[in-house]
Amino acid sequence: MRRLSENMFSALVALVFLAVFAVAGGFSALAMGGRADALRPPVEITHVSVTAKTVNGMELLVINGVIENNTRATFSSPRLRANVFSGGQLVASTLFRTSTGPIATGESRGFQVKLPEAGGKTPEVRLTLAD
């Protein structure tokens with residue numbers, strides 16, 4: 001029975017590895033290159049938290065979040081829409097402009113907004129970019 005040299009065995013192991021990598025779709029991920037960013041939304045609103053607070057006797061919703069710029073252009077102070085839901089029903093919709101300033105390509109900025117609230121259980125808030 002014939003035995004493989006160390007170099008031939010290493011080449012065989014590398015060939016098997018490449019075959020398994022190709023079958024698993026590894027080359028398709030490499031071929032996408034920069035197109036993977038094209039699958040992300042151009043602007044994302046992430047890390048959103050909503051807190052109900054009472055300030056000077058007034059009930060407020062304090063909304064914190066992060067705006068991420070995935071585009072190739074700089075934009076400034078995007079307008080957001082906050083839809084407030086309670087019990088599955090839309091109870092308020094507010095349009096506001098963040099004071100984040102210009103956000104360059106690939107950067108993210110945090111924001112905070114305070115909205116009046118009727119009190120009770122903390123409602124669900126959905127943020128979207130306004131047109």
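**Entry 1: β4 and its partners**

I looked up A82 and found that its bridge partner in β5 is T94. I note here that the model is predicted. Strand β4 covers residues 79-86 and strand β5 covers residues 89-97. I counted eight bridges between β4 and β5, and the two strands run antiparallel.

Next I asked what lies between β4 and β5 in their hairpin. Two residues separate the strands, and G87 has a positive phi near 65°.

I then followed β4 to strand β8, residues 124-129. The pairing of β4 with β8 is antiparallel and has six bridges. A82 turns up again here, with L127 as its bridge partner in β8. I wrote down that A82 has a bridge partner in β5, T94, and another in β8, L127.

**Entry 2**

I moved to strand β1, residues 43-55, and strand β2, residues 58-69. They run antiparallel and are joined by eleven bridges. I checked V55 and found its bridge partner in β2 to be M58. This pair of strands also forms a hairpin, with two residues between β1 and β2. In the turn, N56 has a positive phi of about 50°.

**Entry 3: the sheet with β7**

Which strands make up the open sheet, and in what order? I found three strands in the order β1-β2-β7, paired antiparallel. The edge strands are β1 and β7, where β7 is 108-116, and each of them pairs on one side only. From one strand to the next the twist averages 20°.

I also looked up the pairing of β2 with β7, which is antiparallel over nine bridges. One of the residues I checked was L60, whose bridge partner in β7 is P116.

**Entry 4: N64**

I picked N64, which lies in strand β2. Is N64 buried or partly exposed? Its relative accessible area is 26%, so I put N64 down as partly exposed. Buried would need a value under 20%.

I listed the contacts of N64, leaving aside its neighbours within four places in sequence. They are H47, V48, S49, F111 and Q112. For H47 I also noted the separation from N64: 17 residues in sequence, and 7.6 Å in space from C-alpha to C-alpha.

**Entry 5: salt bridges**

How many salt bridges does the structure hold? I found two.

One joins E107 to R109, with the closest N and O atoms 3.3 Å apart. I checked the exposure of both residues. E107 is partly exposed, at 34% relative accessible area. R109 also counts as partly exposed, at 28%.

The other salt bridge is between the side chains of R126 and E124, at 2.9 Å from N to O. R126 counts as partly exposed at 42% relative accessibility, and E124 is partly exposed at 41%.

**Entry 6: a surface patch**

Last, I asked which residues form the nonpolar patch on the surface. They are L4, M8, F9, L12, V13, L15, V16 and V20. Together they have about 780 Å² of accessible area. I looked up F9 and found it in helix α1, residues 6-23.

Notes:
Residues are numbered from 1 along each chain as its sequence is written. This is a predicted model: local features need pLDDT of at least 70, side-chain atom pairs count only at pLDDT 80 or more; totals for chains, interfaces and linings use all residues. Side-chain values use heavy atoms; hydrogens and water are left out. Two strands pair if DSSP finds at least two bridges between them. Helices (H or I, at least four residues) and strands (E, at least two) are DSSP runs, numbered from the N terminus. Axes are lines fitted to C-alpha atoms, for helices over the stretch in contact, and angles run from 0 to 180 degrees between N-to-C directions. A salt bridge is a side-chain nitrogen of Lys or Arg within 4 Å of a carboxyl oxygen of Asp or Glu. Buried means under 20% relative accessible area, exposed over 50%, partly exposed in between (1.4 Å probe, protein chains only). Patches are made of residues with over 30% relative accessible area and no salt bridge: like charges are joined within 9 Å, nonpolar side chains (Val, Leu, Ile, Met, Phe, Trp, Tyr) within 5 Å. Accessible areas come from the Shrake-Rupley method with a 1.4 Å probe; for residues, only the protein chains shown count as cover. Contact means heavy atoms within 4.5 Å.
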